[in-house]
Every structure is written in structure tokens, then in C-alpha cells.
Amino acid sequence: MTLNGKVALVTGAAQGIGRGIALRLAKDGADIAIVDIKPDKMAEVAAEIEALGRKATTFKADVSDRAEVYAAVEHAEKTLGGLDIMVNNAGIAQVDPIADVTPEDVDLILKINIQGVLWGIQAAAAKFKSLGHSGKIINASSIAGHDGFEMLGVYSATKFAVRALTQAAAKEYASDGITVNAYCPGIVGTDMWVEIDKRFSELTGAPIGETYDKYVGGIALGRAQTPDDVAALVSYLAGPDSDYITGQAIITDGGIVYR
């Protein structure tokens with residue numbers, strides 16, 4: 001285990017990719033602060049982590065609220081005895097043609113996908129510095145942060161923005177020993193993609209499952225991605241073998257987008 005003695009906070013950790021990341025980091029030896037807006041599901045993940053022999057704590061927070069993100073970081077430090085790794089995983093998707101996007105749509109997704117990451121970067125960096133040690137900040141981008149996808153224009157814009165924040169923060173915090181990187185998943189078989197597929201069906205008339213199957217059919221490695229696939233990259237970025245990597249947004253998609 002490479003993360004023995006470390007404390008990691010994962011936002012959006014109640015399900016899907018976030019849950020996969022929390023469990024993987026626990027298997028690597030870290031104690032985990034689970035942050036989400038779903039108390040019951042957070043409790044289930046905490047029980048899974050404790051069954052692995054690691055400590056877990058939960059904190060209900062809306063990442064679009066800066067004060068709540070800072071409070072989550074304080075809770076993690078006080079409850080688990082420190083903070084070494086911050087995974088800004090929480091996010092939402094929106095499927096709409098650009099012509100149909102409303103101001104309310106934009107306001108919501110920017111608050112969660114961009115501001116949520118920004119507040120997480122701020123809070124974690126401030127905590128690392130106050131504790132007098134280096135740290136790892138790991139942000140959720142997407143293949144849609146490298147290529148803009150039709151019907152996902154605003155979502156893609158938020159994930160491009162996460163890459164920009166990652167690069168800027170990496171430069172600003174390098175002298176403090178804080179690395180900042182991002183992971184860029186592709187087509188992951190989670191509840192988010194169920195909703196994306198359903199929305200594509202509403203907009204295009206495609207049968208349920210057809211859009212998902214179309215995207216999966218374009219993956220070079222021949223299968224949909226799992227949360228464990230994403231968590232493996234996050235594990236690497238959280239561990240010591242990535243200490244000389246910063247400012248990068250690494251694609252993990254099985255072969256869809258090539259950079």
C-alpha cells in the first residue's frame with residue numbers, strides 16, 4: 001500500500017466514479033473523507049471503506065457553495081487527523097443543443113463543475129500550507145475537456161475550464177510542493193451515462209441504449225470503462241510515483257480521444 005498514513009477527501013463519493021476512487025484509495029492505505037449530498041449512500045460507502053480496515057468519515061456538502069467545501073476540508077482534517085489528497089470529483093452533465101441552453105442551465109453547471117473544483121483547489125491548498133506539508137490535488141475533467149462533443153457543448157466547456165484551472169493551479173502552487181493534475185474519463189458505465197443516454201433518446205428519438213452503445217462501439221479497447229479504470233489513474237496521481245507530474249489532464253478512455 002502506497003498511501004499508508006495519508007488522508008484523502010473525495011467529493012461526489014457516494015456513487016459512481018467517486019465511490020470507485022474512494023474505495024481504491026482506501027485499498028491503497030488512505031483514510032477517506034466522503035463528501036456528497038446523499039447521506040444514505042455516503043454511509044454505505046463509509047461502511048465499505050471501514051470493512052477494508054481504513055477509517056472513513058462523511059460530510060454533506062454542496063460543492064458549489066465555497067463555505068461548505070471549506071467546512072468539508074476542516075471536517076476531514078479534524079476527524080481523520082490531517083489532509084494529504086484532495087479529489088475534486090463531483091460534477092454533473094447536461095445534454096442539450098447549444099440553441100436550447102438556458103441561463104439557468106449555464107448557472108447550475110458552472111457552479112458545480114467549475115466553481116466546485118475551484119473551491120476545492122483553494123480549500124485543499126490552504127489546508128496543506130497550514131499543515132506545513134505538500135499535497136496532491138486531483139480534478140475531474142473528461143475527454144469532453146479535450147474535444148467538444150455535440151449536445152454536450154456547455155458540459156464540454158466546463159471540462160475545458162477544469163483543465164485551465166488545473167494548469168494555472170499547478171504553476172501557482174508548485175513552490176509549495178503541491179501538485180495539481182486532472183483525470184479525463186471517457187464512457188463510464190455509471191448512472192450519469194444512463195441519464196445522458198436517456199436525454200439523447202428524448203432529443204434524437206434514438207432508442208434507449210443506442211447512444212451509449214454507439215459511443216462504446218467507438219472505443220479501441222472494445223469495452224465500456226468502469227469506475228475502477230478511472231480510480232486506477234487517480235491512485236497513481238495520488239501516490240508517490242507521480243510526484244514529478246503536475247499540470248496534466250490525463251486521458252483514460254480506452255482509446256477514443258488521442259493526444
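The legends below walk through several close-up views of a predicted model.

**View 1. Seven strands line up in an open sheet.** Start here to get your bearings. The order across the sheet is β3-β2-β1-β4-β5-β6-β7, and the pairing is parallel. At the edges you will find β3 (56–60) and β7 (249–252), each of which pairs on one side only. Direction ignored, neighbouring strands are turned by 20° against each other on average.

**View 2. Strands β1 and β4 run side by side in the sheet.** Strand β1 covers residues 7–11 and strand β4 covers residues 85–88. The two pair in the parallel sense over three bridges. To find one meeting point, look for leucine 9, whose bridge partner in β4 is methionine 86. Helix α5 also belongs to the surroundings of this sheet: α5 packs on the sheet and touches β5, β6 (178–185) and β7. The direction of α5 makes about 160° with that of β6.

**View 3. Lysine 127 and glutamate 74 meet in a salt bridge.** The structure holds 13 salt bridges, and this close-up shows one of them. Here the N to O distance between the two side chains is 2.9 Å. Lysine 127 belongs to helix α4 (residues 103–131) and glutamate 74 to helix α3 (residues 66–80), so the pair links distant parts of the chain, 53 residues apart. Are the two partners buried or exposed? Lysine 127 is buried, at a relative accessible area of 7%, whereas glutamate 74 counts as partly exposed at 32%.

**View 4. Glutamate 77 also forms a salt bridge with lysine 127.** In this pair the closest N and O atoms are 3.5 Å apart. Glutamate 77 lies in helix α3 and lysine 127 in helix α4, so this contact ties together parts that are 50 residues apart in sequence.

**View 5. Aromatic rings gather around tyrosine 215 and phenylalanine 149.** The count of aromatic pairs comes to two. One of them brings together phenylalanine 149 and tyrosine 215 in a tilted arrangement, with 6.3 Å centre to centre and 55° between the planes. Phenylalanine 149 sits in the loop between β5 (135–140) and α5 (153–173), while tyrosine 215 is in helix α7 (residues 210–217). The two are 66 residues apart, and their pair links distant parts of the chain. Phenylalanine 149 is buried at a relative accessible area of 16%, and tyrosine 215 is buried too, at 13%. Ring pairs link these residues with Phe200, giving a cluster of Phe149, Phe200 and Tyr215.

**View 6. Lysine 214 lies over the face of tyrosine 215.** Lysine 214 is 5.2 Å from the ring centre.

Notes. Residues are numbered from 1 along each chain as its sequence is written. This is a predicted model: local features need pLDDT of at least 70, side-chain atom pairs count only at pLDDT 80 or more; totals for chains, interfaces and linings use all residues. Side-chain values use heavy atoms; hydrogens and water are left out. A salt bridge is a side-chain nitrogen of Lys or Arg within 4 Å of a carboxyl oxygen of Asp or Glu. Helices (H or I, at least four residues) and strands (E, at least two) are DSSP runs, numbered from the N terminus. Buried means under 20% relative accessible area, exposed over 50%, partly exposed in between (1.4 Å probe, protein chains only). Rings of Phe, Tyr and Trp (its six-membered ring) pair if their centres lie within 6.5 Å; planes under 30 degrees apart count as stacked, over 60 as edge-to-face and the rest as tilted. A charge sits over a ring if NZ of Lys or CZ of Arg is within 6 Å of the ring centre and within 35 degrees of the ring normal. Two strands pair if DSSP finds at least two bridges between them. Axes are lines fitted to C-alpha atoms, for helices over the stretch in contact, and angles run from 0 to 180 degrees between N-to-C directions. Contact means heavy atoms within 4.5 Å.
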